[in-house]
Amino acid sequence: MTAPTTTPARKGGRWIEQWDPEDETFWREKGEKIATRNLLFSILSEHIGFSIWSLWSVMVLFMGPEYGVDPAGKFFLVAMGTLVGGILRVPYTFAVARFGGRNWTIVSAALLLVPTVAAAVVMEPGTSYTTFMVVAALTGVGGGNFASSMTNINSFYPLRKKGWALGLNAGGGNIGVPVIQLIGLLVIGTAGAAHPRVVLGVYIPLIVVAALLAALFMDNLAPVRNDGGAVREAARDAHTWIMSFLYIGTFGSFIGYSFAFGLVLQNQFARTPLQAASLTFIGPLLGSLVRPIGGRLADAYGGARITLWNFAAMSVAAVVVVYASAQKSLAVFLVGFIALFVFSGLGNGSTFKMVPGIFQAKAVARGLAGEEAAAYGRRLSGAAMGLIGAVGALGGLGINLAFREAFLNAHSGTPAFVSFLVFYALCSAVTWAVYLRGARAAGRSDATRTQEPQGARQPAYADV
């Protein structure tokens with residue numbers, strides 16, 4: 001969704017009228033400093049957004065028998081934010097180009113006050129389940145933050161730096177999940193499970209600070225504007241939907257497990273709220289920390305290769321979890337489940353790195369070069385990221401619904417884990433077949449023959 005580097009000047013705000021990160025002189029003398037500043041404050045806003053998106057994974061730990069909500073109802077409650085967040089990722093993606101990255105970061109950060117204040121009002125026994133569902137759904141605005149933040153940062157960085165930059169941006173945001181879970185643990189361990197409003201009192205001022213810092217230190221890129229043609233082209237491209245499928249396996253797993261981990265520990269292993277809270281943050285924390293490493297590995301060795309091995313590792317971890325679940329071994333279960341978090345985090349970095357690489361490869365295959373190829377890649381990858389992020393987030397909904405059905409019907413999470421194992425094996429097969437099959441022999445993937453203009457060579461995806 002990046003237009004040519006010069007556009008008519010816009011009045012007001014912090015607008016940058018010319019931006020060419022692929023120009024190494026521009027990047028070294030000016031661009032890197034500006035991009036780094038915007039990345040830092042983008043991470044802060046997205047971090048708090050993830051915390052609010054995962055708010056109800058913490059609030060349900062405070063909901064004892066007096067709330068009258070059974071385990072299946074709690075899984076459904078947690079899933080509501082995932083659903084709304086996934087849907088909001090599409091309009092949030094395009095809001096960056098419509099309003100400017102800085103301007104939209106201010107608005108999207110301020111919107112986090114709505115679900116936080118609402119939760120502070122309703123979080124007490126006697127509130128109807130319908131009310132809880134509506135308030136939980138409001139946390140979806142935190143999920144939307146990810147899409148706008150990633151689209152914005154994608155425009156600031158050159159292709160050679162995108163894996164690391166996007167990994168840092170997303171990883172810093174993802175850490176918002178374990179941080180709010182740690183705060184929940186601290187509150188339960190000190191004030192007790194009867195005081196959920198303390199958690200909310202911590203976040204309300206932080207939201208205000210994030211919005212103010214975005215206003216003071218971030219910039220809008222005037223060359224970035226919505227391109228309806230890019231959206232339509234990205235939606236027609238098979239790779240957008242293939243990558244959406246793979247992103248369900250990585251990010252969908254991360255966010256789904258993050259929201260459900262505490263409930264699984266309570267219902268499958270009879271942990272108390274304090275015991276569950278003391279464990280739930282570990283997996284999301286490690287998964288968040290390794291996401292930039294996944295991006296860096298993808299920069300060095302190719303996103304497709306890292307993604308393939310990552311899904312293979314997730315399949316092995318799922319086998320461990322299925323075994324531990326069937327044997328009711330908490331220690332083995334924790335090893336396997338935390339491994340799933342770590343590999344989902346690595347995969348988040350490698351799959352998102354693949355997106356700009358895929359469209360850059362298609363640009364080269366069309367005969368484009370230099371800034372023309374880079375502009376084409378940014379234009380299509382920016383449009384595709386919103387769609388991919390939205391579908392991937394809905395994978396978290398699928399995980400929570402799978403757990404809900406498993407505990408409702410089998411009183412165990414084992415059937416859900418078996419289904420996840422099958423899905424990871426399928427993701428491995430798709431990654432190999434579409435992006436790596438025949439690459440070693442032919443130097444390109446023979447399974448990704450998309451329709452190109454006559455005379456254009458087929459793109460090579462093995463190094464995306």
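Me: In this predicted model, which residues of α9 are buried, and what makes them count as buried?
Reply: In α9, the buried residues are G176, V177, P178, I180, Q181, I183, G184, L185, V187 and I188; the term applies because buried means under 20% relative accessible area.

Me: Why is helix α7 called largely enclosed by the rest of the structure?
Reply: Of the 17 residues of α7, 17 are buried, so the helix is largely enclosed by the rest of the structure. Helix α7 covers residues 140–156 and reaches 26 Å from its first C-alpha to its last, which is close to the 24 Å expected at 1.5 Å a residue.

Me: Why is V114 called partly exposed?
Reply: The relative accessible area of V114 is 45%, and because partly exposed lies between the 20% limit for buried and the 50% limit for exposed, V114 is partly exposed. V114 is found in helix α5 (residues 113–122), and together with V107, L111 and L138 it forms a nonpolar patch on the surface, with about 270 Å² of accessible area.

Me: Which residues have the most contacts inside the largest nonpolar core?
Reply: They are W19, W56, M63, Y257, F333, F403 and Y435, in a core of 126 residues. Helix α12 (residues 238–268) gives the most to this core, with 14 residues.

Notes. Residues are numbered from 1 along each chain as its sequence is written. This is a predicted model: local features need pLDDT of at least 70, side-chain atom pairs count only at pLDDT 80 or more; totals for chains, interfaces and linings use all residues. Side-chain values use heavy atoms; hydrogens and water are left out. Patches are made of residues with over 30% relative accessible area and no salt bridge: like charges are joined within 9 Å, nonpolar side chains (Val, Leu, Ile, Met, Phe, Trp, Tyr) within 5 Å. Accessible areas come from the Shrake-Rupley method with a 1.4 Å probe; for residues, only the protein chains shown count as cover. A salt bridge is a side-chain nitrogen of Lys or Arg within 4 Å of a carboxyl oxygen of Asp or Glu. Helices (H or I, at least four residues) and strands (E, at least two) are DSSP runs, numbered from the N terminus. Buried means under 20% relative accessible area, exposed over 50%, partly exposed in between (1.4 Å probe, protein chains only). A nonpolar core is a set of buried Ala, Val, Leu, Ile, Met, Phe, Trp, Tyr and Cys residues joined through side-chain atoms within 4.5 Å. The expected span of a helix is 1.5 Å times one less than its number of residues.
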